[in-house]
Amino acid sequence: MRKTITSLLFAAAASMSAFAGNVCSLQGVEYTVDTLFHNQVGPGTTQTSLWLRNASTLDALRVFYTTMDMTNPYLSLRGVCATDNLAGNERISAMAQRKSKPGERYFIGVNGDFFYTSGTTARGVSTVGTPVGSTIVDGVIYRARNNATLYKNLVVDTEGRLYINPFFFSGSIVAENGSKATIGGINTSSNESAASNQNKVTIYNHLHYGSTNQNNGYEVAAVLVEGEKFETAKPFKLKIVGTPSNAGDMLVPEDTYVIHGHGSAASFVQNLKDGDVVTVNFTWTYNGQSVEPYQIVSGNPKILEDGVTLQSEADRGDANSRQPRAAIGYSDDGKKAYFMVVDGRSPISSGVRTTWLADIMHYAGATEAVNMDGGGSAVLYTSTLGIRNKPSDGSERADGNAFYVVSSAPDDDAIASIRFVDFALKSPKFGVYTPKFYGYNQYGMLVSQDVKGVKLSCDEALGHIIGDTTFYADGTAREGRLTATYNGVSVSETVMIIDAVDAINITNDSIITDSYKEYPVAVQTLVGENYMSISPLALTWKSTDESVVTIGEHTGVLKGLRNGSAQVVGTLGEVCDTMLVNVEIPTSRVMPIDPNLDVATWKFSQTGGKNVIVAAAGDGIDYTYTGASGRSPKIVLTKTLRLWSLPDALRIRVNPGEAPVKNFVLGLRTNGGSMSYQTITPEAITPNEELVIEVPTSSWCDPTDMGNYPITLSSIQLNMNASTTDKVYEMHFTGLETVYLDVPDAPVVKGDVNGDGVVNVSDVTSLINKILGMAEIADEKCDINGDGIINVSDVTALITMIL
């Protein structure tokens, strides 16, 4: 039986000095840091996975983040709203795939703002998915709100500069006659409890649920003056279309805007006339600083400022509880950006407070950061490697909006460089390592997760290479370089050889073997938290019963000697493991799968036939039925049969008589595996002639994997053409057998026509069937009198021999 373990061929190194130290302090509590993954995933972009552990509390955290070099000419940061509307839910991966196109690949993403989880408008339109804070995507304002005291804005301005601050939104609208009003928001309620929008103008576009959803004040439609653009922070002009109305909930068609006046601002709107032109100007300010935003996504609270964790925000909302969390940040005046998710609500990651999240962001390199929506929404997406964290919902949640890293590099599938998937390599002595490689195009985009054709080389003192692809750590050096070459491009990694291991695991708890095959025991060793293959040469071996199975003390190669069971024990230093070996030796090249067959232990079912009669015929079955109508006619023989030892093939011999057989379907299962149905359609089926169906084990599973044994046969199904109604059909399953190719052919015993080792009347039956053309048996078995002709004289000679 195969052990249930994660079999990663090489262990990630426990720390990586190039990426900060191996200790991270979370509000004064120290956690050791293991870097589980670090690699490039796109132009100027790396993804890192960390494992943080506290030795005294046994607390653990899983951290996933990306680092983007925003000086890379191909990179930009862009937001997306689900379904490209203010309301709506969509998975982060689905948004990325929908928006991506050649020259515009959304290849890294993180969840965005908190969003409405319930609600409808007066017209019954769902508001679910609406971001709580201000939102701008590619210069289009989805929402502008004056709730910056609660929700902080991550802003990318029109020059690509980054800011994280509570920017205050405001604006002015001026009519041609000089009258004016203050603008309090875009696509938000005009009568919010805060005074931010009361007695002010709110502007709505078609992204806002299709209508204003307001029932107070005055509203009037407007369109952009020809040549004008709806700017985020520059003046522009709108022309009034129609007459102001106080009916409320005005529809907002595409390319149209609705100006809504609330309180004292209602009179400003009421006095506008069809054809009037108004000038609109928005501002976004914080502490005297103004920005012209091109992207805005909002979060709460701001957690990191100038490299210092913000303690003052820790008491707001659930900031002080441990949850799955997400953050966006930057450093070096926005030259580097960071997306991060810390998992929570799981046995392997307990979640973090926002102050802890800030400390981890600072550990990763950020100096400014804001907390985004968390819980089940917290997701870090990569287009090539998928979702990197384990969302607490169990799968990716549909969110209201998201923030992405977008590459404008041309699409190019040609591999220009490679990297080891494992960023740092440790191996025990005699470790066996077959590395995988990522392939990147000329722009640095990951285009292959498993590059083939890479050739390895290494320092001679470190070990040697097997078949160009596998490193074997059998050298004397404790450290050296492993080099990989692909199409003339090479990359190297340092390999460290370690003496002690934490544990070893023989891959299988138990195996079946015979006396013909030799089996080198498969072993894995634990390095850090991962398993890797190790040569059995590294261990010392012994068998608990050498009369049943022997094993090389220093080779780990075992061989069965006789039927029975014994344990083999492998020891490496202070650790050891055992495996049960069951020896099952085939007695002949072909063996019945159900010796002394009893039809009462089988189940028989048929459609397209009736009056079924079954009888045992030696190790086979005689099957008789009467034709009848039926849909999808078939015959099914069912019994769970554990196949002996290590069969090379399953063989079924059947004489169908005149039954209209189309094909055969065998239900087979490896040890611990799922059912595999193998369909065999013979090229031709001749009535009243024996047909041999053979299914090699190698055709449906790996026969060298000892964990696949024992194999079980569960059913034999014959799919039929229509039988003639009321016609009686006789079928003879003359052999249900397993084949063992390592077993030598038994010497031919004169008279043993059917090869069962006994000369008796059943051999007479087999000989007669041979003469009548109903069985395929070698001529040398049937020429009993030795005259070179097989006929009734041989039957007489055989009867004489038996008597």
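What follows is a short exchange about backbone geometry at a few loop residues in a predicted model.

Colleague: Which residue does a cis peptide bond join to N300, and where does that residue lie?

Modeller: The peptide bond in question has an omega of about -10 degrees and is cis, with P301 as the partner of N300.

Colleague: What is the omega of the cis peptide bond that joins Y709 and P710?

Modeller: P710 belongs to the loop between β59 (691–696) and β60 (712–720). The bond that links Y709 to P710 is cis, and its omega is about 5 degrees.

Colleague: Is T83, which has a positive phi, buried or exposed, or partly exposed?

Modeller: T83 is not a glycine, yet its phi is positive, near 60 degrees, and its place is the loop between β6 (75–81) and β7 (90–91). Its relative accessible area is 36%. Because buried means under 20% and exposed means over 50%, with partly exposed in between, the term for T83 is partly exposed.

Colleague: What is the relative accessible area of R345, and is that residue buried or exposed?

Modeller: R345 sits in the loop between β25 (336–342) and α3 (354–364), and although R345 is not a glycine, its phi is positive at about 60 degrees. The cut-off for exposed is over 50%. R345 passes that cut-off because its relative accessible area is 53%, and so R345 is exposed.

Technical notes. Residues are numbered from 1 along each chain as its sequence is written. This is a predicted model: local features need pLDDT of at least 70, side-chain atom pairs count only at pLDDT 80 or more; totals for chains, interfaces and linings use all residues. Side-chain values use heavy atoms; hydrogens and water are left out. Helices (H or I, at least four residues) and strands (E, at least two) are DSSP runs, numbered from the N terminus. Buried means under 20% relative accessible area, exposed over 50%, partly exposed in between (1.4 Å probe, protein chains only).
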